[in-house]
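Could you take a look at this one with me? My notes are below, point by point.

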Amino acid sequence: MHPVLSTILKRLFLGLVTLFIVSLIIFSAIQMLPGDFGEAVLGQAATPETVAAFRAELGLDQPAWLRYLDWVGSVATGDLGTSFSGRDSSGVDRSRPVVDLVAPRLWNTLFLAGLAAVISVPMALFLGITTALWRNSRYDKLASASTLTAISFPEFFVAYILILLLGTLWPVLPSLANVEPGMPLGERILKCILPALTLTLVIVAHMMRMTRAALINLLASPYIEMARLKGESAARVILLHALPNALAPIATVIAFNLAYLVVGVVVVEVVFVYPGVGQLMVDAVSSRDIPVVQACALIFAATYILLNLIADVIGILSNPRLLHPK
């Protein structure tokens, strides 16, 4: 078997093992939460008989290990369960499948993350390449100081500052990202600009500094010196000789930050009242909706693992020693 294919299969297997361990942690953490889920869902007006029947109906009276196996088996078949919400104190079931709740929210989160990635990745690459090209200059120091200042603040602080500046003092952008299904693309993008800018300011420093560091490290290599001695311009040396060989670490940090865009949007979605998976998870935690919390946490974990797997594959494919084994 080719070393590249073998390494990819190993990474995929490790990703599945990691996802299994994460699912175990998610389930265990939720089970350790204090209080009775039946009473929390049905409310204080529910009778003990109604609570007992509710627990028996959902299998909450079974041992934890049996409930975990049932949950994992259902997830493996694409069934994320049924939401606990929609039940009243009498136990009447008006709940919906978790998939129906998560699917539109996941699309909203991916749209916001994609918009932030479209802004942040080219900006970070541009800043990283130009600061490496003119390192130790005033431009380099200003760009590094600005990005590090932005990343030093928490997301909610950056979000509120942007709302104050662009939504209140100079009301050029909407401060609430209350998107709806069927909304025109232009209006959706307009409402998502502020949360996308918040995410961009938080993650662009990581990608910019990794790009800069990887390029500067390669600029001392003998083949770079040879290209300079042959009369190549500084921009051509960086773009055609240094950048392709710095692809692996740059791809890794970009994948990490793209994973953060999907996984770390919880605070941003809550601040801007954006109907994404993060907002859904916060609401589900408040209402003790176990299946929804488990589904959201598992989606976050799977996304993070998948993007890291893609980064590993890109790093492998950019390594000539694996592509051309002796």
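Here are some numbered remarks to read alongside the structure.

1. First, the ground rules. This is a predicted model, in which local features need pLDDT of at least 70 and side-chain atom pairs count only at pLDDT 80 or more, while totals for chains, interfaces and linings use all residues. Residues are numbered from 1 along each chain as its sequence is written, and side-chain values use heavy atoms, with hydrogens and water left out.

2. Now the overall picture. The protein chain has 15 helices and zero strands; helices (H or I, at least four residues) and strands (E, at least two) are DSSP runs, numbered from the N terminus. Of its 326 residues, 42% are buried, where buried means under 20% relative accessible area, exposed over 50%, and partly exposed in between (1.4 Å probe, protein chains only). The accessible surface comes to about 17200 Å², and carbon and sulfur atoms account for 69% of that; these areas come from the Shrake-Rupley method with a 1.4 Å probe, and for residues only the protein chains shown count as cover.

3. Have a look at helix α4, residues 64-76. The end C-alpha atoms of this 13-residue helix are 18 Å apart, which agrees with the 18 Å it should span at 1.5 Å a residue; the expected span is 1.5 Å times one less than the number of residues. Its buried residues are R67, Y68, W71 and S74. Seen down the axis of α4, these fall within an arc of 130°, so they line one face of the helix (the arc is that of the directions from the helix axis to the C-beta atoms). W65, L69 and A76 are exposed on the other side. After α4 comes G78, with a positive phi near 90°.

4. Of the 13 residues lining it, L19, S23, V75, A76 and L298 are the closest to its centre. Helices α1 (3-31), α4 and α14 (290-317) each supply at least two residues of the lining. As for terms, on a 1 Å grid over the protein atoms alone, a pocket is an open set of points with protein on both sides within 12 Å along at least five of seven lines, a cavity is a set where a 1.4 Å probe fits but cannot get out, and lining residues have an atom within 4 Å of a point.

5. Buried here are D140, A143, S144, T147 and A150. They cover an arc of only 135° around the axis, which puts them on the same side of α6. These buried residues pack against α5, α7 (155-169) and α8 (185-218), whereas R138, K141, L142 and S152 are exposed on the other side.

6. Which residue in the loop between α5 (98-133) and α6 is worth checking? It is N136, which has a positive phi of about 65° although it is not a glycine. Most residues other than glycine have a negative phi. N136 counts as exposed, at 58% relative accessibility. V273 also has a positive phi, about 50°, without being a glycine. It sits in the loop between α12 (266-271) and α13 (277-286) and is partly exposed, with a relative accessible area of 45%.

7. Not counting residues up to four places away in sequence, it touches T211, L215, I238, L239 and L243.

8. Finally, V282 lies in helix α13 and counts as partly exposed at 31% relative accessibility. Leaving out residues up to four places away in sequence, V282 touches V266 and V270.

Technical notes:
Contact means heavy atoms within 4.5 Å.
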